[in-house]
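Please keep the sequence and the structure in view while reading.

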Amino acid sequence: MSESGNLKPFFEPGSIAVFGSFREGLGCYNTVKHLLHFKFSGRTYPINPSYKDVLGIKVYPDIKSVPESVDLAFILIPPHAVQEVVKECAEKGVKAFIIGSDGFAERDGQGVRLQQELVYFARQKGIRIIGPNTLGVVNTANGLITNPYVSGEIKRGGIAIITQSGLFGSHATDFSQRSISKICDLGNKSDIDETDVLEYLAEDKETKVIVMYLESVRDGKRFLDVSRRVAQNKPILVLKGGRTEEGARAVISHTGSLAGEDRIFDAAFKQAGIIQVEKFDQLLDFAKALLFLPLPRGNKIATITLTGGGGIMQTDTAAKYGLSLSKLSKHTIDELTQAYPWLPINPFDFGPIISSLRGELSLSSIYKEIIEMVLRDENVDALSVTMYAGELKGPEFDLNIFYELQKNSFKPITVCICGYDSPLKGEWTGILESFNIPVYLELEDAIEALGILFKYAEIRQKLKTE
């Protein structure tokens, strides 16, 4: 229905009108608070006849009282009053609406009728709608945050999120350590849908990776055509809700959508170059690997663990993702065995080294030397390193070695941090990810991330060849 440029008012407005209650701590009070806190680059016009000001900003009684033009309206009022406000905004020349109100098609027959009337009016007037029943949008480039439930910070970066749920509100995800470009909660998809937003993100220079939570797809052919085009340059990760019969029934009560057969989605996503994930956490965990790391040239990996069992677990996971443990060259094996004759080779078990440290050698220097040897080997396409957050024999670990390794290597590296020291895990994660090295807290996840990189490398080559 639209070209990507038509969505610019939703993500790049020069002004926004906010309709709703400005009672402290609730609803639109929080939206205005976020627009101020995140330094929204445009103008903000709160609208409510019961208030004079909010957070130092003048509140207007209605949209007609606003002295300037308005690009975007965010509406969070009772559903029966929405259409009248939309009509007044349309007379003002507003073309883009985010309707946060619920009580529409996801609720009951009366809600379905209200939504249909709203969409009919919008099409008559040539205006566009995200929602209803949505938290709206986030644009970290200009500080546009409509979601009333965001708490804390949102880190600017290259991952865009399209969701058919408030699942990506801050109550579900901490964005302070995530690299976010855009977020769009589609809500009921009465007008703008997943394909519209996907087209917009395809041209968005800030966005490098796209993740999606979908419960349904409106126009399957268009969605697949656009996805195939986008996936040639930007990876797309999807978590599909409503995969079971029970889940599909829940979708109807959630957003009023109908979920299609799971096996059809599976086949279609594969054909379009979309990577499916199975769990919510995987969406952003795998996305950061795609954002931070170069794609591997092949599927041969090396893994450094702290126990033999850990190496076996990672080997099993590698096989599930089409990866295999590389057979190192004779030169590398000779180097390793001469320096560390007791070290098992690929998986590399660091347990014996750690237990034998007497202080004469730095654990970080041993890590660095072995990692450099492994990365130099032409038979190694990627590497996963496991570290232990806790008391270790030997000097404190120097994480700066990873900065040098990442800077000088064209091969992807993931890190798993295990152990009992949670504050140390958080500190190490922050440092390593500032070096663009993705960190995982489970052994298997660090390998799965490499598997996703390899999978996307294959997808991109296939799509570009076709």
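**Cavities, fold and backbone**

The second largest cavity holds about 50 Å³ of space. The model is a predicted one, and a search of the whole structure finds 4 cavities of 30 Å³ or more. The largest cavity has a volume of about 90 Å³.

**The second largest cavity**

- The lining of the second largest cavity is made up of I159, Q177, R178, S179, L284, K288, F292 and E433.
- Helix α9, which covers residues 280–292, gives the largest share of this lining, namely 3 residues.
- Sorted by class, the lining of the second largest cavity contains 3 nonpolar, 2 polar and 3 charged residues.

**The largest cavity**

- With a volume of about 90 Å³, the largest cavity is lined by 14 residues, of which L135, N147, F168, I183 and D185 are the closest to its centre.
- Strands β8 (137–139) and β11 (180–185) each supply at least two residues of the lining of the largest cavity.
- The lining of the largest cavity divides into 7 nonpolar residues, 6 polar residues and 1 charged residue.

**The sheet that contains β8 and β11**

- Both β8 and β11 belong to an open sheet of 7 strands with mixed pairing, whose order is β9-β8-β11-β10-β12-β13-β14.
- The edges of this sheet are formed by β9 (144–145) and β14 (275–276), each of which pairs on one side only.
- Strands β8 and β9 run antiparallel and are joined by 2 bridges; N139 has L144, in β9, as its bridge partner.

**Backbone geometry**

- The peptide bond from G131 to P132 is cis, with omega near -5°, and P132 is placed in the loop between β7 (128–130) and β8.
- A further cis peptide bond runs from N346 to P347, with omega near 5°, and P347 is found in the loop between α11 (330–339) and β17 (348–349).
- L55, a residue other than glycine, has a positive phi, near 55°, and L55 is located in the loop between β3 (53–54) and β4 (57–58).

**The chain as a whole**

- The protein chain contains 16 helices and 20 strands, and along its principal axes its C-alpha trace spans about 80 × 50 × 35 Å.
- For a chain of 466 residues, a compact globule would have a radius of gyration near 23 Å, and the protein chain, with 25 Å, agrees with that expectation.

**Confidence in the prediction**

- The mean pLDDT of the protein chain is 90, and 90% of its residues reach 70 or more.
- Over residues 246–259, however, the pLDDT is below 50, although this stretch has 35 contacts in the model beyond near neighbours in sequence.

Methods:
Residues numbered from 1 in each chain as written. Predicted model: local features only at pLDDT ≥ 70, side-chain atom pairs only at ≥ 80, totals over all residues. Heavy atoms only, no water. 1 Å grid on protein atoms, 1.4 Å probe; cavity = no way out; pocket = protein on both sides within 12 Å on 5 of 7 lines; lining within 4 Å. Points joined across faces, edges and corners; volume = space filled by probe spheres on them. Helix = DSSP H or I, 4+ residues; strand = E, 2+ residues; numbered from the N terminus. Nonpolar A, V, L, I, M, F, W, Y, C, P; charged D, E, K, R; others polar. Pairing = 2+ DSSP bridges. pLDDT = per-residue confidence, 0-100. Contact = heavy atoms within 4.5 Å. Rg over C-alpha atoms; globule rule 2.2 N^0.38 Å.
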